[in-house]
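Ready for some practice with a ligand and its surroundings? Grab the viewer and work through the exercises below.

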Amino acid sequence: MSHIQNNRWDVFCKIVDNYGDIGVCWRLSQQLAHEHHLQVRLFVDDMAAATKIITTLDCTKNKQVISGVEVCHWPTLENCSEIKPAKVVLETFSCGLPDCYIPQMVLKNCIWINLEYLSAESWVSDFHAKPSPHPSLAITKHYFFPGFKSDTGGLIRESNLTDERIGFIKTKEKQTEYWQKIDIPKANELGDDAIKISLFCYPQADITSLVSALETANQPISLFIPFNSSITAMIDSMCEAKEKSSKEIHKGNLTIHLLPFLSQADYDHLLWACDLNFVRGEDSWIRAIWAEKPFIWQPYIQTDDTHIKKLNAFLDLYLSAANAEVKSVVYEAQLAWSEVYTSTPAPFSRLIKHLAELKVYAIQQTNKLALQSDLATRLVIFSENLTENKV
Ligand code: TRH
């Protein structure tokens, strides 16, 4: 983009639960600052929760600059009038904006965009970029939907991500350094037939069937599990008391490695290093796509099986170019992982047997999706177009 008129952005993030809200906001804020040279303020309602993702955050400070982004406490009634809105205000996931801030946005003729959750459902194209005038104030909110198609808001992808991943995959030393950093040097010595899998899931996932499939596989399997609160009960039920304090659990051909919760960058590297990734929610799902490896996605559980509809919509899109065998293996395993009733180990055993073909397909799909412009770029263009239409 030749010249950006709106170089100040305010991003608002409420951490509802889990890590996805802040994970997306932090990633996007940094990208807007680094790649689009914008002055970005990120307002967060729960600083303590945000430290999980923004690890160097000092919760005692009202504002601080980290990685080129000014991270601020959510405005309070007392200090709200001192906070002058930026030209572009990005509300995320319909988190709402502070009441006293909105009238100031009206005065400044701000651009108001609400970033929605990612979905592959077909209605997204119809709702993307649509305006919603405020019921009583002279300002309009615009809905911006991420998505997989050119008529949506696209997917978050940093401009150097592909090159970094390729560099990591090609360079043995980088991989050795990585496994040492996360304290699993042995991972680098695994034989060529060994399979590496990462696991990040909600507690409803049928981990028992997965583990049964992996422990009886024909080749050695390493399962890497970054720590998160959803996983503790599952681990406890799976391992003997003596193993609970250990970072490694052995079951047949399977070795489970319990990792700490990683930084976003280290988590990306884990996805790149593994042959298969189990991911969930929104941000880890997109990162798994960019990892160019087969993955199983568990959508955030919703009522009325809405998450299954979302899963099916994604699979219909993602697998549209796959052959019958790949389609059947992936649909079966994906649905077994997300259906709430207990499944059997069979879909996961089948998945492991077909990993080589699934890898070829994953590479094709990642390359195809990477041809599209990324979400931050589309957001900036969208905000600039709105400005031009306003003046
Ligand atoms: O944590 P999530 O379940 O978040 C979800 C989704 O965003 C969902 O859409 C939303 O409705 C719900 O929260 C409230 O999963 P997600 O989106 O994958 O976010 C996880 C973030 O944590 C992501 O940025 C990757 C990061 N992460 C690490 O930084 N280190 C780790 O070790 C792991 C496992 C994840």
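**Exercise 1.** Sort the shell around the ligand by residue class.

*Solution.* Keep in mind that this is a predicted model. Start with the nonpolar class, which has ten residues in the shell. Next come seven polar residues, and then five charged ones. Taken together, 22 residues surround the ligand. Tyr202, Leu262, Arg280, Asp283 and Ser284 are the closest.

**Exercise 2.** Find polar atoms of the protein that lie within 3.5 Å of a ligand oxygen.

*Solution.* Begin with Tyr202: one of its polar side-chain atoms is 2.5 Å from an oxygen atom of the ligand. Then go to Ser284, where a polar side-chain atom lies 2.6 Å from a ligand oxygen. Finally, check the backbone of Gly20, which has a polar atom 3.0 Å from an oxygen of the ligand. As for cover, the ligand alone exposes 710 Å², and the protein buries 97% of that.

**Exercise 3.** Work out which helices and domains supply the shell, and where the ligand sits.

*Solution.* First, the helices: α1 (20-36), α9 (264-273) and α10 (283-290) each supply at least two shell residues. The largest share, three residues, comes from α1. Now zoom out to the domains. Domain 1 (8-156 + 373-390) and domain 2 (161-369) both give residues to the shell, so the ligand lies between them.

Definitions and conventions:
Residues numbered from 1 in each chain as written. Predicted model: local features only at pLDDT ≥ 70, side-chain atom pairs only at ≥ 80, totals over all residues. Heavy atoms only, no water. Near = heavy atom within 4 Å. Polar contact = N/O pair within 3.5 Å; in protein donor to acceptor, adjacent residues only side chain to side chain. Areas by Shrake-Rupley, 256 points an atom, 1.4 Å probe, with all protein chains shown as cover. 1 Å grid on protein atoms, 1.4 Å probe; cavity = no way out; pocket = protein on both sides within 12 Å on 5 of 7 lines; lining within 4 Å. Sits in = over half its atoms within 2 Å of the grid points. Helix = DSSP H or I, 4+ residues; strand = E, 2+ residues; numbered from the N terminus. Nonpolar A, V, L, I, M, F, W, Y, C, P; charged D, E, K, R; others polar. Domains from an automatic or database assignment.
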